[in-house]
Amino acid sequence: MIKTHNLHHRVPVFDGHLDILKGINLEIKHGESVAIVGASGSGKSTLLGMLAGLDIPSAGEVLLDNTDITQLTEEERAGVRAKLVSFVFQNFQLLGSLTALENVMLPLEVANLDNIEDKAKSYLERVGLSKREHHYPRQLSGGEQQRVALARAFASEAPVLFADEPTGNLDSETGNAIADLLFTMNKEAGTTLVLVTHDQHLAGRCEKQFRMESGQLDCTL
């Protein structure tokens, strides 16, 4: 589902350049759950952005479902993301002017899917928020906001889910509940999960783990 070949990313700095990614070779199979762990500044979030087509590397290839997205225009990459990819972020990324239901419906509307309201309501029910669908993000707790984000991600039924520190802004108890929900829904959907985290316990729930250090990637399991 995801494959990289000799991936490099270099950015200019005041005294020269900084190599953020150094020759990353990675292969993730369909339906596999993979964690990328590492300290802040190790390059793991940069790598996630490259895998999802949000950014383009300085050199190398990223294949997403056999399409080399590094050769595409931004518009073409956006089309690939709309078809193949969903996201869960640390800071939830909900639109404050939309209700929980409307936040879940939005990507379904963009994708021009059918029965979007019924589908959105169904996924909100699955995350335990059927009675909160008309509440705005400011009226929801952090855990509830991340549940909305999970409903939004899985409602699109994209084959790949990228999760960037999905429990990072939550207390331990709430974070564990969100993690349980994430892995349960992921298993039911058969989604390919790529999880970036500094939480080793969360990473340990994935089938495979990689460690990022100074822009290089090593398989730890």
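**Sheets, hairpins and helix packing in the predicted model**

Residues are numbered from 1 along each chain as its sequence is written, and side-chain values use heavy atoms, with hydrogens and water left out. Helices (H or I, at least four residues) and strands (E, at least two) are DSSP runs, numbered from the N terminus.

Together, four strands form an open sheet with antiparallel pairing, in the order β2-β1-β4-β5. The edge positions are taken by β2 (16-28) and β5 (67-68), each with a single partner strand, so one side of each is left without a neighbour in the sheet.

A further open sheet consists of six strands in the order β6-β7-β8-β3-β9-β10, and its pairing is mixed. Here β6 (85-89) and β10 (216-219) stand at the edges; each has a single partner strand, so one side of each lacks a neighbour in the sheet. From one strand to the next, the twist averages 20 degrees; angles run from 0 to 180 degrees between N-to-C directions, and axes are lines fitted to C-alpha atoms, for helices over the stretch in contact. Strands β3 and β9 pair in the parallel sense over four bridges, with Ile 36 opposite Phe 210 in β9. Strands β9 and β10, by contrast, run antiparallel and are joined by four bridges. Among the facing residues are Met 212, opposite Leu 217 in β10, and Glu 213, opposite Gln 216 in β10. Helix α1 (residues 44-51) packs on this sheet and touches β3, β7 (160-164), β8 (192-197), β9 and β10, contact meaning heavy atoms within 4.5 Å. The direction of α1 makes about 155 degrees with that of β8. Helix α2 (residues 74-84) also packs on the sheet, where it touches β6 and β7, and its direction makes about 80 degrees with that of β6. The strands β9 and β10 form a hairpin with two residues between them, and Ser 214 in the turn has a positive phi of about 50 degrees.

Packing between helices was examined for two pairs that share α4. The axes of helix α3 (residues 100-110) and α4 come within 9 Å and cross at roughly 125 degrees. Helix α3 is therefore oblique to α4; angles under 35 degrees count as roughly parallel, over 145 as roughly antiparallel, 65 to 115 as roughly perpendicular and the rest as oblique. The contact involves Ala 100, Leu 101, Val 104, Met 105, Leu 108 and Glu 109 of α3, together with Ile 116, Glu 117, Lys 119, Ala 120, Lys 121 and Leu 124 of α4. By class, this contact has eight nonpolar, no polar and four charged residues, where Ala, Val, Leu, Ile, Met, Phe, Trp, Tyr, Cys and Pro count as nonpolar, Asp, Glu, Lys and Arg as charged, and the others, Gly among them, as polar.

Helix α4 (residues 116-126) and helix α5 (residues 142-155) pack at an angle of about 130 degrees, and their axes are 9 Å apart. These two helices are therefore oblique to each other. In α4, Lys 119, Tyr 123 and Leu 124 meet Val 148, Ala 151, Phe 154 and Ala 155 of α5. The contact of α4 with α5 has six nonpolar, no polar and one charged residues.

The structure holds nine salt bridges, each defined as a side-chain nitrogen of Lys or Arg within 4 Å of a carboxyl oxygen of Asp or Glu. One of them links the side chains of Glu 32 and Lys 208 (3.3 Å, N to O). Glu 32 lies in the loop between β2 and β3 (33-37) and Lys 208 in strand β9 (residues 208-213), so the pair ties together parts that are 176 residues apart in sequence.

Note on methods:
Predicted model: local features only at pLDDT ≥ 70, side-chain atom pairs only at ≥ 80, totals over all residues. Pairing = 2+ DSSP bridges.
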